[in-house]
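Hi,

Here is the structure I promised to pass on. My notes on it follow below.

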Amino acid sequence: MSNIPDLKGRSFTLSVLHLADNQIDTTVDFLKQKTEQAPAFFANAPIVLNIDNVVGDIDFATLKKGIIDAGFVPVGITGCKDKRCQIQAFDAGFAVMTASNTPSQAPAQMTPTKIVRTPIRSGQQVYAKDGDLVILNHVSPGAEVIADGSIHIHGTLRGRAIAGASGQKEARIICHDLQAELVSIAGNYWLSDQINGEFWQKKVMLSLSEESLHFELLTI
């Protein structure tokens, strides 16, 4: 085995926060609220900041400190409009990132569906790597089910369900009784207070449409 480090390219799914303005206090307060609502999901989560819609200068050093104080790990900045902005972000310790225009990498070969028959209790985490996850029972508050593919829950979802964990935007979440703390597909997430009452405690299918979660009632 070689003792020489090897540098390879690899894709990761990161949360991207789109800033509306240069008011740092507003941004930091927003992130702190998210951390308080779902600490297990957001604590120490890497985050990229998109400043494409921001008008005016940004105090990048103060912004970085605020992000860390809110419990996130600042990774980089995207959306800089000129070289001056890029230099300021870099000097504050941010990576300066640009969106890729190349086609997405083909997803990994999927493995057989992982089936769990027992309840997923608070504090437990179940992960289906490179495949779908089927839960033939309930998911308790404080529990977390994760799949690189889709998630099917034949019971009540009271915890967190994270589908498309490695970026598969075609993933789905289907549950017989939606009471989730958090649902996420390919890094796009909603917390319980964002879910419309029309879908609460109902049989629902979630999908991703135009970078936003789409909810659909199931009648069968």
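**The second largest pocket**

Helix H4 (residues 83-91) is the top contributor to the lining of the second largest pocket, giving three residues. Helices here are DSSP runs of H or I with at least four residues, strands are E runs of at least two, and both are numbered from the N terminus. The space in this pocket is about 180 Å³. Of its 13 lining residues, Val-54, Gly-56, Asp-57, Asp-82 and Cys-85 lie closest to the centre. By type, the lining has six nonpolar, three polar (Gly counts as polar) and four charged residues.

For the cut-offs: a pocket is an open set of points on a 1 Å grid over the protein atoms alone, where a 1.4 Å probe fits, with protein on both sides within 12 Å along at least five of seven lines; lining residues have an atom within 4 Å of a point. The volume is the space filled by probe spheres set on the points, which are joined across faces, edges and corners.

**The sheet**

Five strands make an open, mixed sheet, ordered S6-S8-S10-S12-S13. Strands S6 (125-128) and S13 (188-191) are the edges, each pairing on one side only; pairing takes at least two DSSP bridges. S6 and S8 (residues 144-147) run parallel, joined by four bridges, and Val-126 has Val-145 in S8 as its bridge partner.

**Before you use it**

This is a predicted model, with local features needing pLDDT of at least 70 and side-chain atom pairs pLDDT 80 or more, while totals for chains, interfaces and linings use all residues. Residues are numbered from 1 along each chain as its sequence is written, and side-chain values use heavy atoms, without hydrogens or water. Mean pLDDT (the predictor's confidence in each residue, from 0 to 100) is 87 for the protein chain, with 90% of residues at 70 or more.

Cheers
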